[in-house]
Amino acid sequence: MALSIETEVQYLKGVGPKLGDLLRRRGVSTVGDLLEWFPRGYEDRRAARSISTLEPNELVSIQAQVINVRSMQMGRSHRKMYEVLVGDSTGRISCKYFRVPYKGYFERFQVQSHVRVSGKVTVYRGMLQFSHPDIHLIGAEEDDQDELLPLYTETEGLRPGKLRKIMAQAINELIDHPQDPNASFKKDLSQKEDARWERNPYKALPIGVPESLPQWMLEKYELTSRSKALKEIHQPPMELGAKYLEFRSPAQKRIIFEEFFWLELHLAAIKAGVQKEKAHKMTGRLELVDQVRASLPFALTGAQSRALAEVLEDMKRAHPMHRLVQGDVGCGKTMVALLASVFANSNGFQSAIMVPTEILAEQHFKNATKLLEPFGIKVALLTGQLKAKEKQIVHDEIAAGNVHLIVGTHALIQKEVSFDRLGLVIIDEQHRFGVDQRNQLKSKGVSPHFLVMTATPIPRTLAMTVYGDLDVSIIDEMPPGRSPIVTRKVFDSKRDKVYGFMREQIGKGRQAYIVYPLVEESEAMDLKDAVSEFDKLKFKFPDLRFALLHGKMKPVEKEEIMRDFRAEKYHCLISTTVIEVGVDVPNANIMIIEHAERFGLSQLHQLRGRVGRGEHKSYCVLMLSYALSEEGRFRAEIMEQTTDGFKIAEADLELRGPGEFLGRRQSGLTGFKMANLVRDVGLLQDARKAAFEILKVDPQLKSQEHQWVNKKLLETQKQYLG
Ligand code: ADP
Ligand code: MG
């Protein structure tokens, strides 16, 4: 029987039921899946280098002998690190692992074993090392004439040699000598394959590996055919060794392009869908916006004006706005949002702003009320803490259209909330909400304009993918008169100096934050906890007034403390990370972050953004313990070097890789088999361009040459919905 990409992998010669089972558990059910089990790297055996010649950031292979294998505790955490020290006649180099690749990985190596190490050379404390390289025992099974060898993620029960063999079998039957798999079905439809025949949307199974992209796209972007790419990925041509190590061979480029293309096509289709919706067209009438703007105690920055103009322009269009305003903490996004709501109001529509915390909701509510009520715009606050009766009143007012701007938390998306004429939906700190929550609020109106805001900058290159279905305005300018925040990392032994400095600033009339990573004492983590520190500091500085704020407090209590802190009733606010988002007290100019090594870069950046919001010179102190991990130190150093959110985001991305970096923000963006959002940005840009092009020439993807594209788009959409 001729093979097809849909044939179950166990029917491939050399596999059988047992191995078939093992492969299925790894997500490889069909022969097509097997071909898409890509090597995680390559080993260029001719290029084996001696240790003394290695340079930082090279991707290389070396041959060496194992000198020592050990594991050690990392800092005070419970995580373990592993080290394999190897050497050749020219030197030694350490291979570091922060996790065990698979059970038994390190047990394979004995002192003096001959190994081949392939990976990227990095630098730690001035020493070269490999982090997470591939290490192979030399000898045993591998056929030594292969000089450019694909390396697959190692799997228990499947030797690399065996995997390469069955891969070669699949390539031989499907790519080198493809036959029509339908011939046998056609002969005998009574067989059990019959069912599959019926299920196949195209009735016939494709011969060999079908091309999924249209010919014009292959030509325009100089892409190899899919079948040739799949063959060469597994059987790389020798002469392209260096290209393979860098993931820049034609075969890899083709596969990476395609992976990006499906995602970008999905995003482009969403965008095209939005553009088909009819919006509440909001016409002219900028008088009120201008009046409110003129009543502000400050002029908008150039960047704010630009963003506002883009937003208002969108709102005048026939299709709903779908825009992201991205700008660093403190750049003044709120004002842009409020002025947009004024515009909606003067066109007779309600606006809703959803924020992630009660504190922030209160704050926006106050600012908005003060600014807008003089112009007859009614502002309401809707949070979970309202009593049932109060809530009912607010609900009624919203439904009756008596209030025009509604500021709230998740309480806004409850079933009971219905709007009279919701024309503008604003999501603040959008990364704190899921796609569902954002859409729920949107669905409270009929195709409302949609504005999302974020203070978590992400590298521009990623923005187009993470926010691929949105238009983006960037506010890259701070209000005038803010001096940059001075950031210093300080070890525990200098704590008294830090307190001394804090006192001095408080003496000048300023206020301080001290932030702790945890609420309650946790012996295991040995962290100073906010509550006990609060007691200690009160005792130590009886003349200063301290307040305590943490997540376990009732919302009313939190609100009261924030209000009093803003009113300067306290000198110093001791807090857990509830303070992180959006809080705005311009008189506070010192942020002391305890156990700064426990925080990620974006969180440190957010926390630091709580100061430097007024005209006073501001300071951020990163308190560190001595048992500091390599990464913790690196993060602190980045924070000292820059206050630019984009630069910090880039460092964060570098540090954690796109998977971790995007994490909560957008799952699904990181499920690429080969593509890498950092390494392959150029291809990402091409794929995005191609996605928009294809929808332009064939919006419904109806033409024959786009049938695979259409099928794949439907699959992608299902995947993102489910
Ligand atoms: P974010 O972008 O982080 O949400 P906010 O909107 O909270 O920033 O603004 C931070 C502070 O800057 C607020 O106190 C706000 O009133 C003030 N602000 C906003 N725009 C300007 C401006 N153009 N000039 C001076 N201060 C401004
Ligand atoms: Mg904000």
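Predicted model: local features only at pLDDT ≥ 70, side-chain atom pairs only at ≥ 80, totals over all residues.
**Entry: the chain as a whole**

I counted 24 helices and 21 strands in the chain. Of its 722 residues, 53% are buried. I also looked at contacts between residues at least 6 apart in sequence, and 73% of these join residues at least 24 apart. The chain exposes about 33000 Å², of which carbon and sulfur atoms supply 51%.

**Entry: helix α11**

I repeated the span check on α11, which runs over residues 302–316: its 15 residues should span 21 Å at 1.5 Å a residue, and its end C-alpha atoms are 21 Å apart, which agrees. Next I asked which residues of α11 are buried. They are A303, Q304, A307, L308, V311, L312, D314 and M315. These residues cover an arc of only 165° around the axis, and therefore they lie on the same side of α11. Looking for what covers the buried residues of α11, I found that the cover includes the helices α10 (287–295) and α12 (333–346), together with the strands β9 (322–327), β13 (422–427), β14 (449–454) and β15 (471–475).

**Entry: cysteines**

I searched for disulfides and found 0 in the structure. C95 counts as buried because its relative accessibility is 0%, and C620 counts as buried because its relative accessibility is 1%.

**Entry: aromatic pairs**

How many aromatic pairs are there? With ring centres within 6.5 Å as the cut-off, the count comes to 14 aromatic pairs. One of them joins Y97 and F106, which I recorded as edge-to-face, with 5.0 Å centre to centre and 80° between the planes. Both Y97 and F106 are buried. The rings of Y221 and F257 have their centres 5.5 Å apart and their planes at 35°, so I recorded that pair as tilted. Y221 lies in the loop between α6 (215–220) and α7 (226–234), whereas F257 lies in helix α9 (residues 250–276), so the pair ties together parts that are 36 residues apart in sequence. Y221 is buried with a relative accessible area of 10%, and F257 counts as buried at 0% relative accessibility. I also traced a cluster in which ring pairs link Y82, Y97, Y105, F106 and F109.

**Entry: H571**

Where is H571 placed, and which residues does H571 touch? I found H571 in the loop between α19 (555–566) and β19 (572–575). Leaving out residues up to four places away in sequence, I listed its contacts as I506, R510, Q511, A512, D543, L544, R545 and F565.

Conventions: Residues numbered from 1 in each chain as written. Chains lettered and ligands numbered in written order. Heavy atoms only, no water. Disulfide = S-S within 2.5 Å. Buried < 20%, exposed > 50% of the residue type's maximum accessible area, 1.4 Å probe, protein only. Helix = DSSP H or I, 4+ residues; strand = E, 2+ residues; numbered from the N terminus. Expected span 1.5 Å × (residues − 1). Arc of directions from axis to C-beta. Contact = heavy atoms within 4.5 Å. Areas by Shrake-Rupley, 256 points an atom, 1.4 Å probe, with all protein chains shown as cover. Phe/Tyr/Trp six-rings, centres within 6.5 Å; stacked < 30°, edge-to-face > 60°.
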